[in-house]
Amino acid sequence: EDKVVQSPLSLVVHEGDTVTLNCSYEVTNFRSLLWYKQEKKAPTFLFMLTSSGIEKKSGRLSSILDKKELSSILNITATQTGDSAIYLCAVEAPGAQKLVFGQGTRLTINP
Amino acid sequence: NAGVTQTPKFQVLKTGQSMTLQCAQDMNHNSMYWYRQDPGMGLRLIYYSASEGTTDKGEVPNGYNVSRLNKREFSLRLESAAPSQTSVYFCASSEAPWYEQFFGPGTRLTVL
């Protein structure tokens, strides 16, 4: 059965710190990995990483896919209180026709 | 464009009551999904419709039914609500299963 595990489950840091969130997966015939940010309401899309594109960057956020280790990291530099959210990782496998989500990492940025 | 809309936003039911959660998208997406989110559990897939005319069970389908009414609309029905179904329900849509999903604002359901 396809499985996605995120760590840590919860993280509290001070504004300005750099954080690294982890996502590991056990998926047959992996095709893509997605990161979402969820504040108070619905998840919003951040990045998609595929076998042909293993690194994405947007401002202070960046993500890398390690196909050998079957994992991905999401880095946030110079964190701000607005980065406080749940970060969700999801993986899609060909033929599955759906995403499998991890449990999420709750990130809290204290001023 | 409204994106993905869900109704109602909040609902309180008594055990045994039934209700239907409505979802509509105006992005001409082919695939639609229903998730539930409980504290510490991430998003768990209830049912999905990869394309109009098809529906499939997800990870936690027991106690639910779905209808893909047309390309725009995908409803979730609880036939006999139970306290274990207290949760936040999200509908999502995507152009295809391998594309990013767009989520609705969610429905907070409480079953007493």
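## Second largest pocket

The second largest pocket has a volume of about 400 Å³. This is a predicted model. Its 19 lining residues include five that lie nearest the centre: Glu1(A), Asp2(A), Val100(A), Phe101(A) and Glu59(B).

By class, the lining of the second largest pocket splits into 9 nonpolar, 4 polar and 6 charged residues.

## Largest pocket

The largest pocket has a volume of about 710 Å³. It is lined by 29 residues, and those closest to its centre are Gln38(A), Lys40(A), Gln37(B), Val88(B) and Arg108(B). In chain A, strands S9 (85-92) and S11 (105-110) each give two or more residues to the lining.

The lining of the largest pocket holds 10 nonpolar, 12 polar and 7 charged residues.

## Contact between the chains

Chain B and chain A bury about 1,500 Å² between them, with carbon and sulfur atoms giving 63% of that area. On the chain B side, Leu43(B), Trp98(B) and Glu100(B) lose the most area to chain A, together 30% of what that side buries. The contact takes 19 residues from each of chain A and chain B.

There are 0 salt bridges between the two chains. Polar contact joins 3 residue pairs, both residues at pLDDT 80 or more. Strands S4 (31-37) and S5 (43-49) of chain B each give two or more residues to the side that touches chain A. That side of chain B has 13 nonpolar, 5 polar and 1 charged residues.

Methods. Residues are numbered from 1 along each chain as its sequence is written. Chains are lettered from A and ligands numbered from 1 in the order in which they are written. This is a predicted model: local features need pLDDT of at least 70, side-chain atom pairs count only at pLDDT 80 or more; totals for chains, interfaces and linings use all residues. Side-chain values use heavy atoms; hydrogens and water are left out. Contact means heavy atoms within 4.5 Å. Buried area is the accessible area (1.4 Å probe) that two parts lose on being put together, summed over both. A salt bridge is a side-chain nitrogen of Lys or Arg within 4 Å of a carboxyl oxygen of Asp or Glu. A polar contact is a pair of N or O atoms within 3.5 Å; within protein, one must be able to donate a hydrogen and the other to accept it, and residues adjacent in sequence count only if both atoms are side-chain atoms. Helices (H or I, at least four residues) and strands (E, at least two) are DSSP runs, numbered from the N terminus. Ala, Val, Leu, Ile, Met, Phe, Trp, Tyr, Cys and Pro count as nonpolar, Asp, Glu, Lys and Arg as charged, and the others, Gly among them, as polar. On a 1 Å grid over the protein atoms alone, a cavity is a set of points where a 1.4 Å probe fits but cannot get out, and a pocket is an open set with protein on both sides within 12 Å along at least five of seven lines; lining residues have an atom within 4 Å of a point. Grid points are joined across faces, edges and corners, and a volume is the space filled by probe spheres set on the points.
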